Amino acid sequence: MEDMSGPYVIRGSVSLPEAELMWRFSRSSGPGGQHVNTSDSQVELRFDLARTEALPPVWKDRALERLASRLVGGVLTVRASEHRSQWRNRETAAVRLASLLAEATAPPPKPRRATKVPRGINERRLRQKKQRAETKRGRSSRDWS
């Protein structure tokens, strides 16, 4: 089998440690014809998020909190069975796990600072509103009959 395409970077210099990834292979449903009945092309990738030392503590806490609904005993599981080849499914599963962790460990967005609407913009809006009301009022006058 070919080599995996290398360390799956989560963000910055942090990547998934190959030693902490647990792989499981099983028969996949889907495309593949007769070949699919004999090959274990579905991939299940497990990563023990609760016990890992690869992530900084802050990231780990953030990920545990955000992925709580997906964890079973602190272990994150990702499945891939889109491709006919086990190798491509392994790639897909690893990339999916890395992007899931990247999203879960991302810092929270900066809080929005409330700003005042500039006076000019407000005045322009009111002026346009008056003009529109004037136009509509002009339509309903019945002095033409």
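Arg137 and Glu134 sit three residues apart in helix H3 (residues 119–140), so about one helical turn separates them. Their side chains meet in a salt bridge, with N and O 2.8 Å apart. This is a predicted model, and the structure holds five salt bridges. The points below walk through some of these pairs, and then turn to Arg62, a buried residue without a salt bridge.

**The pair in helix H3**
- Arg137 is exposed, with a relative accessible area of 52%.
- Glu134 counts as partly exposed, at 49% relative accessibility; the cut-off for exposed is over 50%.

- Glu44 and Arg24 form a salt bridge through their side chains, at 3.5 Å from N to O.
- This pair ties together distant parts of the chain: Glu44 belongs to strand E4 (residues 42–48) and Arg24 to strand E3 (residues 21–26), 20 residues apart.
- Glu44 has 7% relative accessibility and therefore counts as buried.
- A network of salt bridges links Arg24, Glu44 and Arg79.

**Glu82 and Arg96**
- Another salt bridge joins Glu82 to Arg96, whose closest N and O atoms are 2.7 Å apart.
- Here too, distant parts of the chain are linked: Glu82 lies in the loop between strand E5 (75–80) and H2, while Arg96 is in helix H2, 14 residues apart.
- Glu82 is partly exposed, with a relative accessible area of 43%.
- Arg96 also counts as partly exposed, at 32% relative accessibility.

- Arg62 is part of helix H1 (residues 57–66).
- A polar atom of the Arg62 side chain does lie 2.6 Å from the backbone oxygen of Thr105.
- Leaving aside residues up to four places away in sequence, Arg62 touches Ala104, Thr105, Ala106, Pro107 and Pro108.

**How H1 meets H2**
- Helix packing is described by the angle between the two axes and the distance between them.
- H1 and helix H2 (residues 86–105) pack at an angle of about 100°, and their axes are 8 Å apart.
- The two helices, H1 and H2, are therefore roughly perpendicular to each other.
- On the H1 side, the meeting residues are Trp59, Arg62, Ala63 and Arg66; on the H2 side, they are Glu103, Ala104 and Thr105.

Note on methods. Residues are numbered from 1 along each chain as its sequence is written. This is a predicted model: local features need pLDDT of at least 70, side-chain atom pairs count only at pLDDT 80 or more; totals for chains, interfaces and linings use all residues. Side-chain values use heavy atoms; hydrogens and water are left out. Helices (H or I, at least four residues) and strands (E, at least two) are DSSP runs, numbered from the N terminus. Buried means under 20% relative accessible area, exposed over 50%, partly exposed in between (1.4 Å probe, protein chains only). Lys and Arg count as positive and Asp and Glu as negative; His and the chain ends are not counted. A salt bridge is a side-chain nitrogen of Lys or Arg within 4 Å of a carboxyl oxygen of Asp or Glu. A polar contact is a pair of N or O atoms within 3.5 Å; within protein, one must be able to donate a hydrogen and the other to accept it, and residues adjacent in sequence count only if both atoms are side-chain atoms. Contact means heavy atoms within 4.5 Å. Axes are lines fitted to C-alpha atoms, for helices over the stretch in contact, and angles run from 0 to 180 degrees between N-to-C directions. Angles under 35 degrees count as roughly parallel, over 145 as roughly antiparallel, 65 to 115 as roughly perpendicular and the rest as oblique.
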